[in-house]
Amino acid sequence: MRLRLWVCIVGFFSLLSTSAQQTIITGSVIEASTSEPITEATVTIEETQQFVFTNDLGVFRIDTDVPLGEQVLIVSKTGYLSKRYPIVVNEGQTVNITDMTLEIDPGQRSDFIISLTDDELNSDDAGFTDNISGLLQSSRDVFLNAAAYDFSATFFRPRGLDNANGKVLINGIEMNKQFNGRPQWANWGGINDMQRNQEFSRGISTNDYQFGDLAGTTNIIMRASSYRKGGRVSVAAANRSYQGRLMGSYSSGLLEGGWSYAVLASRRFGDQGFIDATLYDSNSFFAAVEKQLSDDHSLNFTAIYAQNRRGRSTAITDEVYRLKGRTYNPFWGYQDGDRRNSRVRNVEEPILMLNHYWDISEKTSLNTNVAYQFGSIGNSRIDNGGNQLEIGPGGEVYYSGGARNPDPAYYQNLPSYHLRFPNPSALDFQSAYLHEQEFLNDGQLGWGALYEANLQPGLNSTYAIQEDRNDDSQFSLNTILNTELSERVTLNASINYRKLKSENFAELKDLLGGTGYLDVDTFAEENPDVSDILIDIAQSDLNNPNRIVQEGERYKYNFEIDADVINGFAQAQFKYNVVDFYLAANIGKTSYQRNGLFENGYFAGNSFGKSEKLEFNTYGVKAGMVYKLTGRHLFELNGAHFTKAPSIRNSFSNSRQNNNVVSGLTEETVSSIDGSYIYRSPLVKARLTGFYTNFADGTDIGFYFTEDLAGLGIEQDAFVQEVMTGIERRHIGAELGIEAQITPTVKLKAAASVGQYTFANNPDLYLTSDDFQGELRFGNGKTALEDYHVAGGPERAYQLGFEYRDPNFWWVGATTNYFSNAYVDVSALARSENFALDYDGQPIIGYDENVAKDLLRQEEFDDYFLVNIVGGKSWKIGDYFVGFFATINNVLDQEYKTGGFEQSRLSKYNTVLEDKSRQYGPVFGSRYFFGNGTTYYVNLYFRF
């Protein structure tokens, strides 16, 4: 018994002696402005291979092979300024350095990237230029850093995903629009200083707020207490979207009584960006107030008002590009000596939110949020369908009027139209030359002619400015639970609810000098010998026939959409020494219903009142793991299978005119897996990722005018709604990002993305229109899209670059970027059996399979290089900071196509062959988007 006691005592004191003799360096790293812990910061002992990473609490520990004597700790993380901390290490002692601070690197281009996303995500041709969702915090990842800063100018989409595949949250509340699934970045544009606190989850990996989506989840924290005390004033100049920006912000920090507040005001302005007459007029205001009610409860109120008015541009044909260049914009013309754009996008949707934060215990928190957003989005355009109500000799009523399309780039105004026939005559050449010279010397909208046409005594306006409006009001409510079940297990859960009422209508914005506008369809009947039935068909609203509309009134269409979305989410995270893994699931329900406020003449009995109620049940599961082979070598795997409700846009085939629901509508199914190898050391950081995603049962609706419809028995043109269902897509590829800190001041970096994004089946296709009854299908009802590429920027992108950061706080960097494998968006109608059928539904005589294959080959755009440069300087003057940074994109002024689409006006073998074979170029060739030339952004700031 005594022997055992002595053994225990000796063993106990031996352990104490061993512990006391161990040499340890430990400490923590926090952000200087917020005192929040910084995770995964690298702590390196200078001139050794010893390094560790901070954990979730910002804490680190080095306890093996610790060198003695005077040493220097280097603390670094991408996005922060590195720091050196001298220490003295004595054998057998512990060096404890708590709360080492890192400051956000002022050279990180958060202002610049937010400008890019605001510019591109709000482009008016969103099907081709929507960009990247959730990369505002991408500087933490080498590849995403390249994708956000350098690849985005080409409308490159990581993994082929557009921004509808990513989630954007503000204070935990989802901001994606229910209409199309995309975030409306203009709703919080211009408040850059208040967007610096962000949490970004890459891909389908874990996030603490909701299930997420394939392109990642960004939560922008706009809580008053999260901002450091101080202010910032900045001035910016650019030539891409706006020309100037003024911004001022101030945050109080925590005041006596537990109050804190933050405010911001900014203005962005410009007569035009890189494209002609794309005006920019935006004012933004932000305010947040928080009251710490007790040690456990806090209440925050955030208000955002970001009004944005922008001039629009459009895709142009190769012929227009050759004549007028890439900055040409057909939407504007001079009025009284000033440029006036006919197509203006106006966004004004304030956001109000109240957030309650409750720390139930040290390990459990509950965050409850409520938000209300309201306002309008308007897109203006010229309406050239003005009519006069006429009474014939026999008392019959008919309509006269309408006018030619005033678009200066209309196909009949271009030289190719006058040389469209074989063996053109001298008169044809003369006409082509005159039109070419007129287009070269002017080629802009003639506002004077529009006003003159409307100033006929006693007549209604022929031309007017129509604004297509979406006036939404949305209520959002959610609650988010986070709890540590143990040291290694964390549970996240949330319940989210959103209720939307969306008013959709056309408003008569400007009569252009006229006295009124007759609200009928000029294309319904142009013959005086009409019947009462055809008179009814022409009405936009049978309940108010032959109405003369004034400015500010609704006309043409008017309906509401009610939408309700509720979902629940739960996630368990497990963290161990060698492996971390997570499991997550969600379940939800979505419902939509249309309520028509006009009874359309074409669809009497199926346009006024409520549609059937659409309901969709969704679910999702995902799981992932990180295997830590060593501190340097990690392996990550993520997998997900989930369903998504179709958007409002893709649920009703023609919501402006009727209550028809898309046939065969169902939830989209997504299956995805990605795997990564991650290497991290003080000198080199790299990530190599492979990914595979399959989309099934997708839906898409397009709207266009076509002359080529088989099976109707007659040669007929029509404005149609093209509905595709059962769409299956396959996205596969790899990403690489690597950076090497070869000296304390020089960093080399490289990034690459190689992908293939294709249709994996032949979707169902049908057309609807007010020009024919029912659904028009061709042959087997399919469109042969299998193996065609999904359009949306280059599939392959490569980058090499460097950064030099001088110890005196100036820096410069440059990248060379190479892009390839970008494709035009093909016409689905031309890939249906309509292509091979004549107007009577019979096969086209002389149809040649080999020629047809060549006509339907998908166009691939040329490869191109872009060189970008960034640099800046900052000074610390007492407690103040002054600095600037500047970027120059496309330094070599390369000209390149970023996207485009085939026109479906011609979609039959014989007409497409004729158009593509014309000696002087096609009349209805593809339309393209061209990248910007050399653009710059310069920002000067003062921080106090």
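N171 touches N219, I220, I221, M222, R223, N300, T302, M353, N355, Y357, N367 and N369. Residues up to four places away in sequence are left out of this list. Contact here means heavy atoms within 4.5 Å. N171 lies in the loop between β8 (167–170) and β9 (173–174). Its relative accessibility is 4%, so N171 counts as buried. Buried means under 20% relative accessible area, exposed over 50%, and partly exposed in between (1.4 Å probe, protein chains only).

The model is predicted; local features need pLDDT of at least 70, side-chain atom pairs count only at pLDDT 80 or more, and totals for chains, interfaces and linings use all residues. Residues are numbered from 1 along each chain as its sequence is written, and side-chain values use heavy atoms, with hydrogens and water left out.

The strands β8 and β9 belong to an open sheet of four strands. Its order is β9-β8-β11-β10, and the pairing is mixed. The edge strands are β9 and β10 (198–201), each of which pairs on one side only. Strands pair if DSSP finds at least two bridges between them. Between β10 and β11 (residues 217–220) there are four bridges, and the two strands run antiparallel. S201 stands opposite T217 in β11.

The protein as a whole has 11 helices and 45 strands. Both are DSSP runs, numbered from the N terminus: helices are H or I with at least four residues, strands are E with at least two. The radius of gyration is 31 Å, close to the 30 Å that the globule rule gives for 944 residues, so the protein is as compact as a globular protein of that length. This radius is taken over C-alpha atoms, and the rule is 2.2 Å times the number of residues to the power 0.38. Along the principal axes, the C-alpha atoms fill a box of roughly 125 × 55 × 55 Å. Buried residues make up 55% of the 944 residues. Among contacts between residues at least 6 apart in sequence, 72% join residues at least 24 apart. The accessible surface comes to about 40200 Å², and 54% of it belongs to carbon and sulfur atoms. Areas come from the Shrake-Rupley method with a 1.4 Å probe; for residues, only the protein chains shown count as cover.

The whole structure holds 49 salt bridges. A salt bridge is a side-chain nitrogen of Lys or Arg within 4 Å of a carboxyl oxygen of Asp or Glu. One of them joins E735 and R687, at 3.4 Å from N to O. E735 lies in strand β36 (residues 718–741) and R687 in strand β35 (residues 684–706), so the pair ties together parts that are 48 residues apart in sequence. E735 is buried, at 2% relative accessibility. R687 is also buried, at 6%. Salt bridges that share partners join D141, R159, R202, E636, D674, R687 and E735 into one network.

K509 and E467 form another salt bridge, at 3.5 Å from N to O. This pair links distant parts of the chain: K509 is in strand β26 (residues 489–510) and E467 in strand β25 (residues 464–484), 42 residues apart. K509 is partly exposed, at 42% relative accessibility, whereas E467 is buried, at 6%. D63 bridges to R61, with the closest N and O atoms 2.9 Å apart. D63 is partly exposed at 30%, and R61 is partly exposed at 44%.

In helix α11 (residues 909–916), the buried residues are Y909, T911, V912 and D915. Their cover includes α10 (849–855).
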